[in-house]
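Hello,

Here is the structure I promised to pass on to you. Please open it beside this email, and then read on for what turned up.

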Amino acid sequence: MGDPNSRKKQALNRLRAQLKKKKESLADQFDFKMYIAFVFKDKKKKSALFEVSEVIPVMTNNYEENILKGVRDSSYSLDSSIELLQKDIVQLHAPRYQSMRRDVIGCTQEMDFILWPRNDIEKIVCLLFSRWKGSDDEPFRPVQARFEFHHGDYEKQFLHVLSRKDKTGIVINNPNQSVFLFIDRQ
């Protein structure tokens, strides 16, 4: 029969080849559930928790032209864009989320959560869970990665954004580039 590791590698390579043909990513084979928590410095104050109504996986390679346009417009650096395109990174977008508070009902299209100037937020945490598509009877399992954006990290970027004239389309990210926030200035 062959050893289990080589069978696993062969199966994985076949799956990658099929996905490449279809222009899909492995993430397209999963259902995702995401929660966003705004953790406050005061531990007596409960975190503000939001459930994402739909998590949309986007393969960065499929947007190569848009990414390179961002380089030409000086929105992104060439080095980080090339690195992004070479790694086949999947972005998980969370465009709509709703509060988990019982007294607030409904899904919010554009969430207005004031992040700055305020000093009571310690960090923003994204809790991500997944399961294979079609296995609705299976529970979501936590993704083994940390998605955190600490107050000090985004505050530095906000101070930089103040000098720009843009009101919309502003993107900030945490140091390890695992969380990106699309923000609008008020």
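Is Ser 130 buried or exposed? Ser 130 counts as buried because its relative accessibility is 15%, and buried means under 20% relative accessible area, exposed means over 50%, and partly exposed lies in between (1.4 Å probe, protein chains only).

Before going further, please note that this is a predicted model, in which local features need pLDDT of at least 70 and side-chain atom pairs count only at pLDDT 80 or more, while totals for chains, interfaces and linings use all residues. Residues are numbered from 1 along each chain as its sequence is written, and side-chain values use heavy atoms, with hydrogens and water left out.

**Around Ser 130**

Ser 130 belongs to strand β6; helices (H or I, at least four residues) and strands (E, at least two) are DSSP runs, numbered from the N terminus. Setting aside neighbours within four places in sequence, the residues in contact with Ser 130 include Phe 30, Phe 32 and Pro 139, where contact means heavy atoms within 4.5 Å.

**Aromatic rings**

A pair of aromatic rings is described by the distance of the centres and the angle of the planes. Searching the whole structure gives five aromatic pairs. Here, rings of Phe, Tyr and Trp (its six-membered ring) pair if their centres lie within 6.5 Å; planes under 30 degrees apart count as stacked, over 60 as edge-to-face and the rest as tilted. One of the pairs is Phe 30 with Phe 32, which is tilted, at 6.3 Å centre to centre and 40 degrees between the planes. In the pair of Phe 149 and Tyr 154, the planes stand at 85 degrees with the centres 5.6 Å apart, so this pair is edge-to-face. Both of these residues, Phe 149 and Tyr 154, are buried.

**The nonpolar core**

In soluble globular proteins, nonpolar side chains tend to be buried together. A nonpolar core is a set of buried Ala, Val, Leu, Ile, Met, Phe, Trp, Tyr and Cys residues joined through side-chain atoms within 4.5 Å. The largest one here has 25 residues, and among those that touch the most other members are Met 34, Phe 149 and Tyr 154. Elements giving two or more residues to this core include β1 (30–40), β6 (121–132) and α4 (151–161). The biggest contribution comes from β1, with five residues. Beyond the neighbours within four places in sequence, Phe 149 is in contact with residues including Ile 124, Tyr 154, Ile 172 and Leu 181.

**Helix α4**

Which residues of α4 are buried? They are His 151, Tyr 154, Phe 158 and Val 161. Seen down the axis of α4, these buried residues fall within an arc of 85 degrees, so they line one face of the helix; the arc is that of the directions from the helix axis to the C-beta atoms. An α-helix has 3.6 residues a turn, so residues three or four places apart point the same way. On the face turned away from the buried side of α4 are the exposed residues Lys 156 and His 160. The cover over the buried residues of α4 includes β6, β8 (148–150), β9 and β10.

**Charged side chains**

Side chains of opposite charge can pair when their charged atoms come close. How many salt bridges does a search of the whole structure find? The search finds eight, a salt bridge being a side-chain nitrogen of Lys or Arg within 4 Å of a carboxyl oxygen of Asp or Glu.

- Glu 122 and Lys 43 meet in a salt bridge at 2.5 Å, N to O. This pair links distant parts of the chain, with Glu 122 in strand β6 and Lys 43 in the loop between β1 and β2, 79 residues apart.
- Asp 120 and Lys 45 form a salt bridge at 3.3 Å, N to O. They are 75 residues apart, Asp 120 in the loop between β5 (97–99) and β6, and Lys 45 in the loop between β1 and β2.
- Glu 148 and Arg 146 meet at 2.8 Å, N to O, in a salt bridge. Glu 148 is buried, at 17% relative accessible area, whereas Arg 146 is exposed, at 62%.

Lys 45 has one more feature to look at: its charged end sits over the ring of Phe 40, 4.3 Å from the ring centre. A charge sits over a ring if NZ of Lys or CZ of Arg is within 6 Å of the ring centre and within 35 degrees of the ring normal.

Happy exploring!
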